[in-house]
Structure formats: structure tokens, C-alpha cells
Amino acid sequence: MNGSKRRKVNLQRQQNNMKYDFCIVGGGVSGLMTALVLQKYFPLKKIGLIYSPLHKEIGVGESTNISWQQFLEIVDIDPGEAFRYCDATPKYAVKQINWLRDNHTWTHSLSTKTDIVFTDDNTTKSFLPLPDPSHYWSKRQWMNIDPEEEIKFLEKFSCPGHTHPQDAFEFSDPAGGHIQRPLTELLFDSWLCNFDNFKAIDFFRKVCKERGVDIVEDTIIDHTLNANTGYIESLKGEKDSYISPFYFDCTGFKSLLLGEIVGSKRTDFSDDFLVNQFTAFPTPLLNSPNSAIWVETEGKDDCWTWRIETAGRGGNGVLASSEFMTDESLENHVKEMGGDINDPRNPHRKHPFIPNYRERGLHKNVLGVGLSGAFFEPLQATTFGYVLRQLILFIHTYNAWTKEPEATEKYYNDIQLDNIKNIYYFLRTQYITQKNTPFWKAQREEAKYSFDLKEKLKVWKYRPPFYSNEINATLGITMGCGSLTELSSLRSLSFFQPGSFYQLLCGMEMIDHDAMLKYQLDMKPQINEAIRREVIENRIPSWLNTSQIPTSIFREAIKDISANPEKFEKRKVKFVGLPTWTDYEYVSNGVSYLIPIHAIFLRKGVDATQSTRPALM
Ligand SMILES: Cc1cc2nc3c(=O)[nH]c(=O)nc-3n(C[C@H](O)[C@H](O)[C@H](O)COP(=O)(O)OP(=O)(O)OC[C@H]3O[C@@H](n4cnc5c(N)ncnc54)[C@H](O)[C@@H]3O)c2cc1C
């Protein structure tokens, strides 16, 4: 053999057979979340994650809900560290501008809070299976409070706090003096965040590596199936082959393993959601350095748009249907939002998609996680939460799957179908607006209502959903003041909790407040006085002056305090007749701010006072 021949042989690298207990294909947020959850629950198993340098992660998806915090807690990631690394901003709410109709805005916190009512002596709180009777929406209607009279944030919002960075209030500290507090504090139970998707990928990749997940850059190009069972036996990449008893398809819209290889059929919801394309593009921050701490969506005549502000930039998008949207109109919408549809650097100028879920999210030896398993539309940031729910159910059924795979597959998919319905009910209801442009009229009148949604809405008008068989959600029960109410949603696999549905139905004006409160009063007459008193107590007293706290300071405070909580003073504060709680004092330019950070962005256990947060509603 001459010299050059010998070199060629050496260069032809032998393919290795990499063996894993779990093999994940896809390195976007879904794949990385999967790796972290598996690593946490099966620490002795060998986990491999393969992602392709040829197929870039989708990169959109920057808004979270309470599942994010649950996820970080489950996988033992310091939420403050994730916040700092991923250019995050706190997220308090979703503002829906011109949504129901023009010149109408409603804001909701996606709170899971539901059932707090007073006990007979009004000293403690207990629960009834009722949708949050002390919620401002209903209280206000029921007590005939004139919206013009009431301070704006109690009136305008489904949640009792306000989310504008320019709004804050100042009040007398019981210890003397005046303290500035951000109004956002009132939304203490909605401590979510918006972050940069690519930075999140970097961050989770780093954590996965540190925890021993084998992360491999390779592109899957072929596979072998077991001739009898149809299970995947191995995947062949350009570099190596991968063998595992169980695979996770996290390949995004491609659904390479679940859809293409093992053939789980797509259940198409194109007739329910008349949307099929998105445009996404970054822009500089509008209020730099004070990024917005909510997600803004706006109903336009022929589409809806979104804007999310991370610490470093704005993430914007247009969701539309090719049937109702012209190129010219799309170009104008993008321009109006500060972008350029013709910018060749943008990969998502007119990205098609099909609202769908895979009939069997678990099929053969594959679980589809993330976009590969389901995606209807992006309005309420459901995917990360659904990913977590897919994984939680998986880790508790895998053992059964190894013994009885077919029965477990059915069991798993039946449960997830309830979860899909829960998400469907919520998202589909948002498209039933009062607008009469062809796009919105068609969503309301021509689009399909699956899963008996129409019938449910008739009932929910008088009594919003609360029991598990309706929306597959257990009661979000909060016992007493201060517990982190959202954690109650861990008791349920469902994404949207009763409190979220309540907010949705209020915002979409699909609820009869009088009838609902009457129903509550029939069952618990003394609630009348308790609610009346609570409304009065919680009306913003006249001695509160509005002042300002920039969100940049707020964000910096979260970063600094979460990094070194011991360096900051804690202050006990009493607010309008509610129990005392403790916040961190943060001084910037000589002004002292009290930062309510302990619930979400501090590592659990750092702040022993977190259970003292009051249940403001
Ligand atoms: C417009 C829009 C807005 C959204 N907004 C939100 C939101 O606010 N909140 C939220 O929770 N979710 C949101 N989502 C969903 C969110 O984008 C996704 O959940 C998230 O980005 C994760 O995607 P993924 O990991 O499933 O797929 P991707 O990010 O697409 O990753 C796919 C991975 O598969 C790999 N891959 C593909 N083919 C191969 C192959 N042959 N071999 C090896 N690897 C391969 C790729 O390399 C990549 O790593 C939104 C989605 C859209 C479309």
C-alpha cells in the first residue's frame, strides 16, 4: 500500500456505536429540558443528546409561565443564575391590546389562584371549590364600583397589580419615613420571566455538560427498525450510530423520530385555529434600559402581533393566516413594529406551521417532546409548560412502559389528551373575539370548535371550570396566606388552572359576574360581608402617592440580590391591613427600594421568610 492510500484509510473514521439508556435527538430548549429532567430523576442512567449543526434551533419562544419556575426547581437550577445568564426580565402579565374589540385592553397574570374565601370568623382563609370569589373582576361588578372612580390598576386589570414600569407607589413605612415600592410587587404570585431563547440554550447546554449528559454534534440521517415491533433499534448519524432502548424526539417541527420514523399521525387543527404562518424578528428595546415586564399582544385586523422584551432586545412577531394576510400588509405590520421583513438575516420572515398535535405523543419507543409533539399557536407561551408536563408523566410511567409498553402507551396518551384539551380550550377561546374583520369573524364563526368547547362555554358563563374532569385541573388550593399558590398547580398535570380560565373568561367578557357571585353567596352567605370588607381594605388609599421605579433598577436588583442575598438588608413591611412580609432593601442613586424577590428568583431555602408573603388578590 503506498503512502497516500494509507492516509485515506486512516481518515475514514470508523463509526462508533454509542449506547445510551436514553437517547435524545434535538438540542433546542425541549431537548435540553428533557436531558435535565431525565438526569435528575434517573441519575444512574446514561443520557445522550444529539443535535445537528445543520439544523438550527428555532430560537423563538421567550416567554414563560409558572412552569418555568417549577422546572428550575425540579432540576435544581438556581433561578437567579438562569435569570442572569439568559438576559431575562421579570414577566408579570400578558396585555391583550385591541383584542376583544378595538380600544379595549385587558391584562391577565395567568394566575393559578382560585379558591380563597374567608372562613366564618374571617380570621383565616379556607377554600371552596369556587373560582376566586374575591377576584377584582367580579367584586367590582358586584359592588357596582364605578371604574372611573377606582384607581386605575384595580379597575383595568384582571390581576390586582399593575405592570407598567413607570408606575409605582409610595407609602408610609410603619417604622417611619417613606418608602418607594414598585406596584409590580402586588403581583407577587406572577414572578415569571422573559428570556433570550439562544442564551437559554447556551445555559442549559452548559448545565447538561456539567451534569454528565453526553452532548454530541451530529446529524441523524438514517435508522434501523425492529422488524417485529417497529421500534427504533438504532439511529445513524453522519459521524456515529446511536443505540438506545428509548428515544426522545426533540427535533422541533420536523418531528423526525415520532412523525417520520415511527409514524405517529398528526391531528390537524388547521380548521380550529385559522393561522398558519409566523414572522419573528428582533428589535432594540423600546424603553431602553427599562424593558417592559409583561408580554404585549395586539389584535390587528388581519392578524395578531406580540412583543416580548428581554433585558437586551425586543422579540417581536406576527401570527397570521396566509388566507387573510397579504404580503404588503405583513410588511407594514413588521415595519410598524420597528422591523424589516426583507432583512435576509432573519430566518423567520414567513415561517409556515400547522396547528397540530401528534395523536400519540408516546409511540413505540419514542416520546415526542416540545414542538415535535404538539403546537397549536404561541399566544400564551404554552410549550415549555407542556414539555414539563410531558416529562413529569413520562418519568412516572417509564417503569411501567418497560414491562407493558403497549398498555402504558395508551395510558400515557389518554392522560396527555386531557392536557391537550386543557390547552386547546384556553387558546381556542381567545380567538372568539367581538371583532368583525374577515380574519376574526372567521375565527369566531367559521372555524371549528373541537372537544365540545361550545357547550362548555355555555356553562362556564355562569360557573367557570374548576373540577378536574372539566379541564383536567385539580383545584388550585391555597391554604392560608403566603404560600406560593402556583405550586398548587403541581398537583395537576394540566397547564391552565381554574384561576387562569377565570381570568380568560372575564377578559373575553364571557362571564356573568352577578350570576357567579350569587351562586357563591347562596352557598356561603357570610362571604358577602367578607368580600365587601376586602374590597374596601384593598382599595388604594388616598394617601398613596404614585412615584416611579424604573424596571432597569428592578431587574438589576433581582440580579444582584439573587447573586448575593446575604449582602442585602431585609425589611419587614406591613401593607394595608395585610400580614407583614419581608423584602430586600435595594439602594440605587440614594433611593431605597424594597424588592419582593424571594418567591421565585432566589434559590429555595435562601429566604426563610418566603412563607410570609401575603395573599393579595
Ligand atoms: C412563533 C413562536 C413563538 C413561541 N413562543 C413561545 C413562548 O413564548 N413560550 C414557550 O414556552 N414556547 C414558545 N414557542 C415554542 C418554543 O419556540 C419551543 O418550545 C422552543 O423553542 C423549543 O423548541 P424545540 O426544542 O422543540 O425545537 P427546536 O428549537 O427547533 O430544536 C430542534 C432541534 O432538533 C435538532 N435536529 C433537527 N433535525 C435533526 C437531525 N436530523 N439530527 C440531529 N438533530 C436534529 C436541531 O439541531 C435542534 O437542535 C413558540 C413557538 C413559535 C413557533
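## Exercises: a ligand shell and a sheet

Helix 2 (29-41), strand 3 (47-51), strand 18 (277-283) and helix 10 (383-403) each give two or more residues to the shell around the ligand. Keep in mind that you're looking at a predicted model.

**Exercise 1. Work out how many residues surround the ligand, and which classes they belong to.**

Step 1: Start with the count. The ligand is surrounded by 35 residues, and the closest are Gly26, Gly28, Gly61, Gly252 and Gly370.

Step 2: Now sort the shell by class. You get 17 polar, 15 nonpolar and 3 charged residues.

Step 3: Ask who contributes. Helix 2 supplies the largest share of the shell, 3 residues.

**Exercise 2. Find the order of the strands in the open sheet of 6 strands, and say which strands are at its edges.**

Step 1: Read across the sheet. The order is 12-3-2-16-25-24, and the pairing is mixed.

Step 2: Look at the two ends. Strand 12 (214-217) and strand 24 (362-363) are the edge strands, as each pairs on one side only.

Step 3: Zoom in on one pair. Strands 3 and 12 run parallel and are joined by 4 bridges. Pick Gly48, and you'll find that its bridge partner in strand 12 is Asp214. In general, strands of a sheet pair through backbone hydrogen bonds, either parallel or antiparallel.

Step 4: Helix 2 lies across strand 2 (22-25), strand 3 and strand 16 (247-249), and runs at about 175° to strand 3.

**Exercise 3. Decide whether Phe204 is buried or exposed, and explain why.**

Step 1: Locate the residue. Phe204 sits in helix 7 (residues 197-210).

Step 2: Count its surroundings. Phe204 has 24 other C-beta atoms within 10 Å. The cut-off for "buried" is 20 or more, so Phe204 is buried.

Step 3: See who is there. Beyond its neighbours within four places in sequence, Phe204 is in contact with Val29, Leu32 and Leu36.

Step 4: Check one of these along the chain. Leu32 and Phe204 are 172 residues apart in sequence, yet their C-alpha atoms are separated by 6.1 Å.

**Exercise 4. Zoom out: how many helices and strands does the protein have, and what percentage of its residues count as buried?**

Step 1: Count the elements. The protein has 18 helices and 30 strands.

Step 2: Take the burial figure. Of its 617 residues, 48% count as buried.

Step 3: Finish with contacts. Among those with a separation of 6 or more, 73% link residues 24 or more positions apart.

Notes
Residues are numbered from 1 along each chain as its sequence is written. This is a predicted model: local features need pLDDT of at least 70, side-chain atom pairs count only at pLDDT 80 or more; totals for chains, interfaces and linings use all residues. A residue is near a molecule or strand if its C-beta atom, placed from the backbone, lies within 6 Å of it. Ala, Val, Leu, Ile, Met, Phe, Trp, Tyr, Cys and Pro count as nonpolar, Asp, Glu, Lys and Arg as charged, and the others, Gly among them, as polar. A residue is buried if 20 or more other C-beta atoms lie within 10 Å of its own, exposed if 12 or fewer, and partly exposed in between; C-beta atoms are placed from the backbone. Two residues are in contact if their C-beta atoms, placed from the backbone, lie within 7 Å. Two strands pair if DSSP finds at least two bridges between them. Axes are lines fitted to C-alpha atoms, for helices over the stretch in contact, and angles run from 0 to 180 degrees between N-to-C directions.
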